[in-house]
Amino acid sequence: MKIAVVRETRPAERRVALVPEHVAKLIELGYEVAVEPAAGERALFSDDQYRAAGAEVAWGADHAATIVASVQPLERERLQRLHAGTALMSFLPTNPPDVVRTATRAKLTAFAMELIPRISRAQSMDALSSQALVAGYRAAIVAAERLPRFFPLNMTAAGTVPPAQVVVLGAGVAGLQAIATCKRLGAVVKAYDVRTAAAEEIASMGAVPIELELGTLDGPGGYAREMTPERAQLQRDLLTPYVAAADVLITTAAVPGRTAPMLVTRSMVEQMKPGSVVVDLASEQGGNVEGSVAGTELTIGDALVWGGANVPSQMAGPASRLYGQNIANLIRLMTRNAAFDPDFEDEIVRGCCVTHDGSVLHEPTRALLEGPQA
């Protein structure tokens with residue numbers, strides 16, 4: 001049994017699917033681990049570190065591999081070279097569906113890390129949560145770096161400098177980490193989320209929950225339910241004074257595979273003070289902030305608006321450690337009787353498997369490829 005770790009080819013992707021500390025654990029399970037040269041270089045893991053952990057470092061690592069692990073999906077040409085039955089583990093966006101079509105035709109078994117079910121037993125494999133943790137921390141650091149004033153309260157002989165006022169919208173994993181990091185930096189933090197449990201979770205981080213007296217919108221998988229246009233407008237109206245008073249606004253509301261809700265309009269940002277900073281972690285999914293652009297810093301009114309793009313990759317080392325542990329735990333789940341043998345009756349395996357033996361098993365993806373009648 002062989003696990004191949006490939007070098008990511010997208011310029012913006014700095015993460016690697018497995019780091020050296022995971023190699024020994026997988027070897028203990030009975031796997032050989034082969035790593036392409038410089039696969040971990042952009043995450044600051046050298047080839048020598050992989051060799052010291054017991055991996056082979058060589059081009060063509062994916063040749064005759066049982067499992068090919070990556071962060072982003074492989075290119076079509078590379079997929080076509082793999083043997084039928086090879087398992088793929090990566091994030092696997094299904095729109096556009098070219099990668100899924102190619103994997104299906106090549107009879108590859110593709111597991112999508114973003115489809116890991118959000119159940120207690122799967123928490124150690126939940127790559128969306130592990131990468132959201134990194135993104136939330138990074139959002140707070142980006143805001144602190146760009147805000148032209150102190151985060152913490154400072155009392156000096158020359159006078160008192162008040163703390164920065166931070167508002168966080170969305171209190172999932174990324175939002176809670178952003179709250180916690182801003183609090184550690186000394187800011188006063190307020191936060192809002194539409195889910196029932198959010199107020200208690202926000203308070204547990206030391207922030208002040210924003211109460212809008214609106215009903216909660218709990219959806220499946222721990223995500224928020226989609227709002228009606230009327231509810232969304234009312235929420236924006238009620239949030240406007242909180243946004244206007246903030247020195248920093250961080251937005252984190254996003255559901256995989258869906259367009260991010262617009263929580264903040266351009267006119268709301270224009271009411272913020274000169275020098276204010278807005279960090280939109282949902283920019284790649286359309287943005288929570290009207291006018292934000294993924295991978296771009298721009299100015300709206302007197303505020304700097306930072307649109308996040310592949311934010312976890314900006315902290316590639318810790319992001320890779322967490323993602324690699326997710327991958328290693330998933331491989332461990334699928335290893336039975338000293339062989340790679342996924343149990344397709346298992347809820348986790350079934351939930352994250354997109355293609356297998358020439359068929360598309362994930363129903364939403366099949367509908368996307370074949371039409372709703374499929």
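**Salt bridges, a sheet and a surface patch**

Visitor: Which side chain does Lys273 meet in a salt bridge?
Guide: Lys273 meets the side chain of Asp247, at 3.0 Å from N to O. A salt bridge here is a side-chain nitrogen of Lys or Arg within 4 Å of a carboxyl oxygen of Asp or Glu.

Visitor: Why does the pair tie parts together?
Guide: Lys273 lies in the loop between helix H9 (266-270) and strand S13 (277-280), and Asp247 in the loop between H8 and S12, so the pair ties together parts that are 26 residues apart in sequence. Helices (H or I, at least four residues) and strands (E, at least two) are DSSP runs, numbered from the N terminus.

Visitor: And what sort of model is this?
Guide: This is a predicted model, where local features need pLDDT of at least 70, side-chain atom pairs count only at pLDDT 80 or more, and totals for chains, interfaces and linings use all residues. Residues are numbered from 1 along each chain as its sequence is written, and side-chain values use heavy atoms, leaving out hydrogens and water.

Visitor: Back to Asp247. Buried or exposed?
Guide: Asp247 counts as buried, at 5% relative accessibility. Buried means under 20% relative accessible area, exposed over 50%, and partly exposed in between (1.4 Å probe, protein chains only). Lys273 is partly exposed at 33%.

Visitor: With which residue does Arg149 form a salt bridge?
Guide: Arg149 forms one with Asp247, the closest N and O atoms being 3.3 Å apart. Arg149 sits in the loop between helix H5 (127-146) and strand S7 (154-156), and Asp247 in the loop between helix H8 (229-245) and strand S12 (248-251), so this pair joins parts 98 residues apart in sequence. Arg149 is partly exposed, with a relative accessible area of 33%.

Visitor: How many salt bridges does the whole structure have?
Guide: A search of the whole structure finds 18. One of them is between Asp98 and Arg76, at 3.4 Å from N to O. That pair links distant parts of the chain, 22 residues apart: Asp98 is in helix H4 (residues 98-105) and Arg76 in helix H3 (residues 76-81). Asp98 is partly exposed at 36%, and Arg76 is partly exposed at 43%.

Visitor: Which residues are linked in a network?
Guide: Glu36, Asp62 and Arg78 are linked by salt bridges in a network.

Visitor: Changing topic. What order does the open sheet have?
Guide: The open sheet of eight strands runs S3-S2-S1-S4-S5-S6-S18-S19, with mixed pairing. Its edge strands are strand S3 (56-57) and strand S19 (359-360), each pairing on one side only. Two strands pair if DSSP finds at least two bridges between them.

Visitor: How many bridges join S18 to S19?
Guide: Two bridges join strand S18 (residues 353-356) to S19, and the strands run antiparallel. Thr355 has Val360 in S19 as its bridge partner.

Visitor: Where is Ala132 found?
Guide: Ala132 is in helix H5 and counts as buried at 19% relative accessibility. Leaving aside neighbours within four places in sequence, Ala132 is in contact (heavy atoms within 4.5 Å) with Val173 and Ala174. The C-alpha atoms of Ala132 and Pro148, 16 residues apart along the chain, are separated by 26 Å.

Visitor: Which residues make the nonpolar surface patch?
Guide: Leu133, Val173 and Leu322 make a patch of about 190 Å². Patches are made of residues with over 30% relative accessible area and no salt bridge; like charges are joined within 9 Å, nonpolar side chains (Val, Leu, Ile, Met, Phe, Trp, Tyr) within 5 Å. Accessible areas come from the Shrake-Rupley method with a 1.4 Å probe, and for residues only the protein chains shown count as cover. Leu322 is in helix H10 (residues 316-333) and is partly exposed at 32%.
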